[in-house]
Amino acid sequence: FGSLQTAMLATAVIATAAAAFAPATLHVTPGAVTAASHSRNAVQMIEGFNRRELLGAALAMVPASAAFADGANSRETVNRARAIYGSRIFRLQGKSAADFLEEKNAFTLFISGAFRSADVKPTAKALTKLASDITKAAEKGDGATANSKLKDFLTIAKIEKELDTVDGGNFNPKQRRNAGAPPTAEVEAQMGSLKYALYDAAKK
């Protein structure tokens with residue numbers, strides 16, 4: 001089946017399985033009587049099957065999200081990955097092999113967050129190869145090679161500066177809240193003269 005046919009089939013199966021678990025109710029309208037009749041037919045259709053297994057199988061057939069069926073990615077996800085993980089990678093310049101090993105997961109999280117869409121798969125593949133080369137060099141204690149490969153990574157990924165420490169940014173690690181939402185500008189505006197508390201316990 002195509003994706004549309006698969007989704008339609010899964011929806012029908014889920015409705016059928018859900019009907020099997022639905023409690024009996026009193027129907028008084030003609031439309032409700034018709035619905036009840038359809039519900040009984042649905043239950044009869046799955047007689048002889050394990051109903052919970054049927055429901056589980058139906059759920060497995062449904063795509064996680066139609067919006068991501070083609071590998072789509074949201075702008076907010078990209079911005080978050082670039083601000084948080086891209087900044088951590090940028091700060092690795094000139095660091096030791098041990099530092100690279102401590103931040104090796106940042107490369108994976110950056111690529112999966114900023115280069116998830118189908119149209120950037122070639123770039124994601126190239127970055128994944130570089131990230132692997134960087135990690136291998138770091139594991140050998142070769143900080144020079146790791147730094148050399150990092151320059152290529154930064155160029156291809158277009159990481160030009162730190163984004164998490166920008167004044168008013170949404171993903172500043174110093175902020176005493178969950179990063180991202182609501183926007184920092186709104187939080188600071190609401191806090192007024194006390195906005196320093198978003199970053200430090202005491203005013204400096």
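This is a predicted model: local features need pLDDT of at least 70, side-chain atom pairs count only at pLDDT 80 or more; totals for chains, interfaces and linings use all residues.

Student: How is a pair of aromatic rings described?

Tutor: A pair of aromatic rings is described by the distance of the centres and the angle of the planes. Here, the rings of Phe110 and Phe153 are 6.0 Å apart, centre to centre, with 55° between their planes, and the pair is tilted. Since Phe110 belongs to helix α6 and Phe153 to helix α8, the pair ties together parts that are 43 residues apart in sequence.

Student: How many aromatic pairs are there by this rule?

Tutor: The count comes to three aromatic pairs. In one of them, Phe107 and Phe153, the ring centres are 5.1 Å apart and the planes stand at 90°, so this pair is edge-to-face. Phe107 lies in helix α6 (residues 104-114) and Phe153 in helix α8 (residues 143-157), 46 residues apart. Phe107 and Phe153 are both buried.

Student: Which residues form the aromatic cluster?

Tutor: One cluster is formed by Phe107, Phe110, Phe115 and Phe153.

Student: At what angle do the axes of α4 and α6 cross?

Tutor: The axes of helix α4 (residues 75-90) and α6 come within 8 Å and cross at roughly 155°. An angle over 145 degrees counts as roughly antiparallel, and α4 and α6 are therefore roughly antiparallel to each other. The crossing of α4 past α6 is left-handed.

Student: Which residues make the contact?

Tutor: Among them are Tyr85 and Ile89 of α4, and Phe107 and Phe110 of α6. By class, this contact of α4 with α6 has nine nonpolar, three polar and two charged residues.

Note on methods:
Residues are numbered from 1 along each chain as its sequence is written. Side-chain values use heavy atoms; hydrogens and water are left out. Rings of Phe, Tyr and Trp (its six-membered ring) pair if their centres lie within 6.5 Å; planes under 30 degrees apart count as stacked, over 60 as edge-to-face and the rest as tilted. Helices (H or I, at least four residues) and strands (E, at least two) are DSSP runs, numbered from the N terminus. Buried means under 20% relative accessible area, exposed over 50%, partly exposed in between (1.4 Å probe, protein chains only). Axes are lines fitted to C-alpha atoms, for helices over the stretch in contact, and angles run from 0 to 180 degrees between N-to-C directions. Angles under 35 degrees count as roughly parallel, over 145 as roughly antiparallel, 65 to 115 as roughly perpendicular and the rest as oblique. A crossing is left-handed if the near helix is turned anticlockwise from the far one by less than a right angle, and right-handed if clockwise. Contact means heavy atoms within 4.5 Å. Ala, Val, Leu, Ile, Met, Phe, Trp, Tyr, Cys and Pro count as nonpolar, Asp, Glu, Lys and Arg as charged, and the others, Gly among them, as polar.
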